[in-house]
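Reader: I've just started with protein structures. Could we go through this one together, with a few questions as we go?

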Amino acid sequence: MTIQTTPLPWDRETFLSRLQTVGMTRYHHQHPFHVAMNSGQLTPPQIRSWVANRFYYQRNIPRKDAAIIANCPLREVRRIWLHRVSDHDGFREGEGGIECWFRLAEAVGLTHSEVQDELHVLPGVRFAVDAYVQFARTKPWPIAIASSLTELFAPDLMQSRLQAFERYYSWISPSGLDYFRARIVQAATDSRQGLELTLRYCSTLQLQEEAVRALGFKCDVLWSILDALSQTATPIESSMQQEFHLRT
Ligand SMILES: O=C(O)c1cc(C(=O)O)c2c(n1)C(=O)C(=O)c1cc(C(=O)O)[nH]c1-2
């Protein structure tokens, strides 16, 4: 008779280091689009395109977080997660991260309505973001929480983005960058909470391995957004080019 033994879960340090390895090797800070952006090489139309497309990500984050809350039967976890929805949506008109993103959009020369109506959102960006929301709707909530852990790596990237924008893209009004200033602090809190929940509730080896895969999946989501932006001559670029050709 063979006795089936359940493999032991990783200890906390091993689990943490597996998660960190995924982030360090696959996070979108290394994508050529980000490297070009943070070294001042993007044109105004490319910046506009990034802002208009990233808006689609921003507006879907609270839907993703609401899906996690809906799937989680533990009120102590829901209590921790709930602020993420209002951080982005605000408590009233004119507040919250999405509103800040609209201000960034206006600062780079986009109108409120073209952003709101998603006029410039690329198919690849839509597919990637929708996949993230669907992932949160359909996966066990601790796994969906683990997929948010890219945020562990976001504050450093946002800090260098902020410096790059102030240095290379001075045509953008500094008040347009408030989203990043606020988010550097929020992302640090969010990722700390997400990490504690992941380490506590992904308590079997199977869940731990799935959490590491979830983080890889999320890196792919963010990477695909930038791939789509890199490979497409966007409507924003085309209209700007037409304007340019008319003037010259
Ligand atoms: O600009 C960025 O590079 C970046 C990255 C990430 C991330 O790593 O997931 C987020 C954000 N920004 C962000 O603004 C944000 O609100 C956010 C929420 C989440 C999430 O998965 O719950 N990630 C991110």
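Reader: At what angle do α3 and helix α8 pack?

Author: Keep in mind that we're looking at a predicted model. Two packed helices are described by the angle between their axes and the distance between the axes. Here α3 and α8 (residues 123-138) have axes 8 Å apart, and the angle is about 10°.

Reader: Is α3 roughly parallel or roughly antiparallel to α8?

Author: The angle between α3 and α8 is about 10°. Angles under 35 degrees count as roughly parallel. That makes the pair α3 and α8 roughly parallel.

Reader: How many charged residues does the contact of α3 with α8 have?

Author: On the α3 side you'll find Arg-63 and Lys-64, among others, and α8 brings residues including Arg-126 and Arg-137. By class, the contact has nine nonpolar residues and two polar ones, and the charged ones number four.

Reader: And how are α3 and α6 oriented to each other, roughly parallel or roughly antiparallel?

Author: Helix α3 (residues 44-71) and helix α6 (residues 97-107) have axes 10 Å apart, at an angle of about 175°. Angles over 145 degrees count as roughly antiparallel. So α3 and α6 are roughly antiparallel.

Reader: Which helix gives the largest share of the shell around the ligand?

Author: The ligand's surroundings include Ala-154, Leu-157 and Met-158, along with others such as Ile-61 and Arg-183. By class, the shell splits into four nonpolar, two polar and two charged residues. The largest share, three residues, comes from a helix spanning residues 154-168, namely α10.

Notes
Residues are numbered from 1 along each chain as its sequence is written. This is a predicted model: local features need pLDDT of at least 70, side-chain atom pairs count only at pLDDT 80 or more; totals for chains, interfaces and linings use all residues. A residue is near a molecule or strand if its C-beta atom, placed from the backbone, lies within 6 Å of it. Helices (H or I, at least four residues) and strands (E, at least two) are DSSP runs, numbered from the N terminus. Ala, Val, Leu, Ile, Met, Phe, Trp, Tyr, Cys and Pro count as nonpolar, Asp, Glu, Lys and Arg as charged, and the others, Gly among them, as polar. Axes are lines fitted to C-alpha atoms, for helices over the stretch in contact, and angles run from 0 to 180 degrees between N-to-C directions. Angles under 35 degrees count as roughly parallel, over 145 as roughly antiparallel, 65 to 115 as roughly perpendicular and the rest as oblique. Two residues are in contact if their C-beta atoms, placed from the backbone, lie within 7 Å.
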